[in-house]
Amino acid sequence: MTASDISFLLLRLSTILGGYIWLLAAPLSTADAAELLRSLIVFFFYSLFLYLLIYLRARAIRQVYALSLILDLLFIYWMVHLQNSFANSFFLGYYLLVALHSFYFGMAFGLLAACLATVLYSLNFLPFAHQVHWTELGIRVSFLFLIALPLGFISRRMQRDKERIEELNRQLADSLESLERMQDKMVRSEKLLALGRLTADIAHEIRNPLSALGGLNRRMLKTLPPDSRERRYAETIAREVVRLEAILRDIVALTMVGEHLRRGDINAVIREAVAYARNICMEDERVRLVENYTPDLPRVYLEPDQLQQVMGQLVCNAVDAIEGEGVITISTGTRFRNEILWVTVTVHDTGPGIPAEQMERLFEPFFSTKRSEQVTGLGLAIVHKIMEDHRGFIEVKSGEGVEGTRFTLYFPYQPEEEDGRKPCWEYLQCGIESDPSRTCPAYPYFGRICWAIAGTLCEGKVTGTFAEKTHNCRQCPVFQEMWRECRPDDGEPLCPRLLGERPGKAGGKNGDAAEATADGTDIIRTRKDRHAPAEGQDMETTGQR
């Protein structure tokens, strides 16, 4: 109950208590005392009935108060009628009811309450019409409206201020939540960055001696007798050298920065990657591979060789997870999330699933549940890194209604026609295009959907610059422009630029912003071309999917 609700309750209790005290203390006749007692009993029971309604239907409390106004006005009318005098103090009850309801409901309802009180006040006044001039009644009635108007106005202002404060509190809570989320992501990013720098230096220092050791060991193997003890030692050294080389290769892959993304057909790339994974991971037929590809998917930015590595890792992990016979399903599609369209690739196995305590550490470097000596524990960390390089993210579900484990890769889709329009860094004038020392996940590909790539709504990589951006990305001018154009009624997105269009033929409007390649992809200028950005391009579409 609010403070106003408590005031209404206290008023009723004080009315019952005051009436009882007046009944005991006032010099009333027996008939008047009996009439007052009956009135107080009626008042008590209908008040009890009203609060029973509020208890049973709390959402309808305002309607109950509207009903109570009618009953309370009738009660005051009757109390005034009991004390047959124009100096009757119960007339003040009309002013009290008008004041309370004007403050609670606002000006309009307060004026209605004043009108109803005026009617009953006039009826009470009729027996004394010959004793008092009509101006006396006019002055008393006018005060009913003079009470309703200012209190109603104050109530409306207070309600608006309250709503504004609540909205600011919600925005503050959202900002704090975004700050905590972005801070956690930044801490993880900084940890991985520090680890990457360290491991890259170590890999560089170890690679040359390891290559020399491997070369000398191979020469020794050619000269040692087949069954000698020395040859067995040399073969052990050769195996360990191969394992160290695999670790170094994974470390280099983890620390490399992918910057050369191309628009392409993700279905074609995933088909080739799955064929590669089938050859290296599925030596027997105990595990069946099912492929479901959604046709005519929007063309997204990707790097085929990296996606081959991703699919190889996920499929091999799924094969290892399945005990006995099972099924691995590869599927593609689209999903709408964080106000943009994403192209998705899902790898779903029917294995036993991943324990909940391991989910949080799943993408940590060197963490692995496998006990094989050939496992480095960098596979999923590399997958996570590659998805960050693609400005996407990974969603993992295991248990809770999901049979086995499902990895879903999210690739952001910015329609081709958006590539030539004004990007977010020009809107916000952050200077990312002219400052080589800074990085931004949205630059240079996704300047029109930056809120889902680099802003507070993003699910992927976060840098220190954008961890400071804690306001709601929906307030960004780039987002608001797309929102107005694509969701004019704040309903479901209706704009092809958000939903995706079938790609057509690319042609440069102001120069060679896009170049056609032999495999049908479009090479988009990367960070190395930052001083000569593309002006724009036109995409001819064949219809909305």
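Student: Is Arg421 buried, exposed or partly exposed?
Tutor: Arg421 is partly exposed, at 30% relative accessibility. Buried means under 20% relative accessible area, exposed over 50%, and partly exposed in between (1.4 Å probe, protein chains only). This is a predicted model: local features need pLDDT of at least 70, side-chain atom pairs count only at pLDDT 80 or more, and totals for chains, interfaces and linings use all residues. Residues are numbered from 1 along each chain as its sequence is written, and side-chain values use heavy atoms, with hydrogens and water left out.

Student: Which side chain does Arg421 meet in a salt bridge?
Tutor: That of Glu418, at 3.6 Å from N to O. A salt bridge is a side-chain nitrogen of Lys or Arg within 4 Å of a carboxyl oxygen of Asp or Glu. Glu418 is buried, with a relative accessible area of 1%.

Student: What about Glu418 and Arg448, how far apart are the closest N and O atoms?
Tutor: They are 2.6 Å apart, in another salt bridge. Glu418 lies in the loop between strand S7 (402-412) and helix H12 (424-428), and Arg448 in the loop between H12 and helix H13 (450-453), so the pair ties together parts 30 residues apart in sequence. Helices (H or I, at least four residues) and strands (E, at least two) are DSSP runs, numbered from the N terminus.

Student: Is Arg448 buried or exposed?
Tutor: Arg448 is buried, and so is Glu418.

Student: New topic. How many salt bridges does the structure hold?
Tutor: It holds 10. Arg335, Arg337, Glu395 and Glu459 are linked in a network of them.
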